[in-house]
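The following note sets out, in numbered points, what can be said about the model under review. It turns to the contact between the chains, then to a sheet and to charged pairs.

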Amino acid sequence: MNKEPLFRLTSVSKSIAGKTLLNDISLRIEAGDFLSILGPSGAGKSTLLRLFNGLDSPTGGTIEYLGKPLFSYPMTELRKRVGMVFQNPVMVRGTVRDNLCLTQRWGQPSVDLTEETLVSVLSRVGLSPAILDQDTKTISGGEKQRVALARVLLNKPEVLLLDEPTANLDPQLARHILRLVHQLFEKLRLTIIMVSHDHSLLSNYTTRIAFLIGGKIVEEGAAGILEQPSTEAVKTFLAGGVT
Amino acid sequence: MSQSFYVITWTDVLVSFILVAISLGLIRWWKIGLEKTLLIGTLRTFIQLAGMGYVLTFFFRQRHWLFMVTLVSLMILIAGFEGYRREKEFRIPHYFAIVTGSLFFTVFIVLGIILKFILDVQPWYYPYAMIPIAGMIIGNALNSTTLTVNRFIGELQHRDQEIEMLLSLGAPARVAVQDPLRNSIRAALIPNINSLMMVGLVQLPGVMTGQILSGVDPLIAVRYQIMIMYMWITTVIIVDILVLAFVYRQFFTPRIQLRRHLLLKKHL
Ligand SMILES: Nc1ncnc2c1ncn2[C@@H]1O[C@H](COP(=O)(O)OP(=O)(O)O)[C@@H](O)[C@H]1O
Ligand SMILES: [Mg+2]
């Protein structure tokens with residue numbers, strides 16, 4: 001019965017120190033979308049993604065979540081519902097277990113952190129339970145990215161924001177992680193908003209694509225637009241040229 | 001016992017310039033090239049402390065509580081301004097108010113307990129107790145907050161990604177900076193706790209040395225020193241926690257976002 005979209009961005013802009021990073025962005029994201037935001041480096045993709053869980057505020061326009069202004073939600077609660085995985089998976093000092101149980105630091109009774117749950121969330125991201133007590137200093141970049149995913153999943157989010165989750169991984173690992181994200185999308189019915197500057201791996205997974213170039217959404221639509229872009233800027237970008 | 005047996009006259013003080021002369025000779029011999037600075041420093045020590053002696057003599061003759069309260073308030077304001085001035089690389093909102101306010105509170109608590117319950121000074125504003133103790137509290141508090149706040153900002157700078165990761169999991173601001181808070185307070189406290197461990201084993205503290213030289217029974221001097229050590233560690237803990245409790249909040253918006261631009265040096 002709720003016909004409101006999950007996210008509605010209306011004329012959102014963001015400028016810092018007189019520099020316009022995002023310009024007049026309007027976007028509807030429905031529950032169940034797998035939206036990929038594509039664009040060259042420096043286009044403002046990370047800047048845009050950080051608005052969805054309120055890590056930054058826009059300087060103009062409005063963002064709504066389920067029909068209500070995003071910032072009318074208590075931020076700590078909203079960020080549990082809209083989880084985020086950063087480009088560099090940051091680990092706190094300690095073991096994988098310490099990193100999975102971070103929410104204990106602020107006593108979240110609703111987060112289930114029993115051994116059983118930890119093991120099952122690890123298997124969901126393709127890690128064996130043996131890694132639980134390993135120091136995060138000794139695990140690989142790909143494993144860190146998976147731990148970061150598992151950590152967010154424990155919050156049982158509705159939306160997952162991913163900022164170039166595969167940028168620092170070799171192509172084979174990148175495919176693994178993408179497949180994993182797609183499994184989460186299908187099995188957990190998560191809405192996914194993923195930022196990437198590399199379109200080559202996406203077409204099998206994504207349901208929608210938005211091209212962000214120079215702080216503006218220049219084209220937006222179903223995954224098919226990868227094959228037939230209509231703007232010159234997107235054609236140049238997809239051809240690997242500079243825009 | 002309490003006759004002052006080693007009274008230094010002004011002539012004696014002039015004779016102590018011999019020590020400086022030796023130092024001067026040494027740095028000249030090794031061509032260190034600091035003769036002028038050392039001379040200026042030597043003269044300033046003389047002038048400032050001699051001046052302070054006269055000023056203190058004047059203060060110690062005052063017998064009005066309002067005068068003492070004003071004086072201590074002035075000392076706190078000057079220290080607050082100095083603390084603000086030292087934080088010149090970063091612009092922390094409300095920093096002057098935070099430092100000054102925290103100093104006021106700390107002095108009120110620590111000085112209050114000492115004057116009222118430990119020394120039991122009559123009247124409470126008796127200048128011989130109030131002025132030097134207030135000075136010690138304010139001086140230690142100021143140095144410690146400078147160290148603590150600098151360390152805290154350093155921690156924020158190199159852990160900004162970790163802090164935002166915690167925020168994005170739903171952490172309140174206080175939890176997201178728990179480790180930086182803890183590390184910066186520990187860094188300020190550890191040297192102080194070490195001197196609680198070491199005091200008297202190698203070196204006598206300056207205050208005690210002065211007291212003993214001017215003829216005070218060592219057992220009395222020691223009691224003062226113990227009180228001073230406890231006062232000092234308490235001051236540092238109270239003021240550091242108080243200052244950080246307000247400082248960390250300046251780095252977050254009401255929407256619990258890290259204000260990254262505050263972590264850039266001022267001139268950028
Ligand atoms: N705090 C900031 N101050 C000024 N410029 C910034 C700031 N953050 C990002 N930028 C600039 O904004 C642009 C977009 O950055 P970003 O969103 O990280 O791009 P992307 O993720 O698409 O590579 C870049 O040119 C970057 O230099
Ligand atoms: Mg980016």
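1. Two salt bridges are counted between chain B and chain A. The model is a predicted one, and every value below is computed from it. One salt bridge is formed by Glu164(B) with Arg50(A), where the closest N and O atoms lie 2.7 Å apart. That separation falls inside the 4 Å limit applied to such pairs.

2. Between chain B and chain A, nine residue pairs are in polar contact, with both residues at pLDDT 80 or more. On the side of chain B that touches chain A, helix α7 (residues 160-168) of chain B gives the most, with seven residues. By residue class, this side of chain B divides into eight nonpolar, four polar and five charged residues.

3. The extent of the interface may be stated in two ways. As a count of contacts, 17 residues of chain B meet 24 residues of chain A. As area, chain B and chain A bury about 1900 Å² between them, and 59% of this is on carbon and sulfur atoms. Within chain B, the most area is lost to chain A by Ser168(B), Leu169(B) and Arg255(B), which together account for 32% of what that side buries. In general terms, the size of an interface is often given as the accessible area lost when the parts come together.

4. Chain A contains an open sheet of six strands in the order β6-β7-β8-β3-β9-β10, with mixed pairing. Its edge strands are β6 (82-85) and β10 (216-222) of chain A, each of which pairs on one side only. On average, neighbouring strands of this sheet are turned by 15° against each other, direction ignored.

5. β6(A) is joined by four bridges to strand β7 (residues 159-163) of chain A, and the two run parallel. Within this pairing, Val82(A) has Val159(A) in β7(A) as its bridge partner.

6. Over all chains, the structure holds 24 salt bridges. Among them is the pair Arg97(A) and Asp133(A), whose side chains meet at 3.1 Å, N to O. This pair links distant parts of the chain, 36 residues apart: Arg97(A) belongs to helix α3 (residues 96-100) of chain A, whereas Asp133(A) is in the loop between α4 (115-124) and α5 (141-153) of chain A. Side chains of opposite charge can pair when their charged atoms come close.

Note on methods: Residues numbered from 1 in each chain as written. Chains lettered and ligands numbered in written order. Predicted model: local features only at pLDDT ≥ 70, side-chain atom pairs only at ≥ 80, totals over all residues. Heavy atoms only, no water. Contact = heavy atoms within 4.5 Å. Buried area = accessible area lost by both parts, 1.4 Å probe. Polar contact = N/O pair within 3.5 Å; in protein donor to acceptor, adjacent residues only side chain to side chain. Nonpolar A, V, L, I, M, F, W, Y, C, P; charged D, E, K, R; others polar. Pairing = 2+ DSSP bridges. Axes fitted to C-alpha atoms, helices over the stretch in contact; angles between N-to-C directions.
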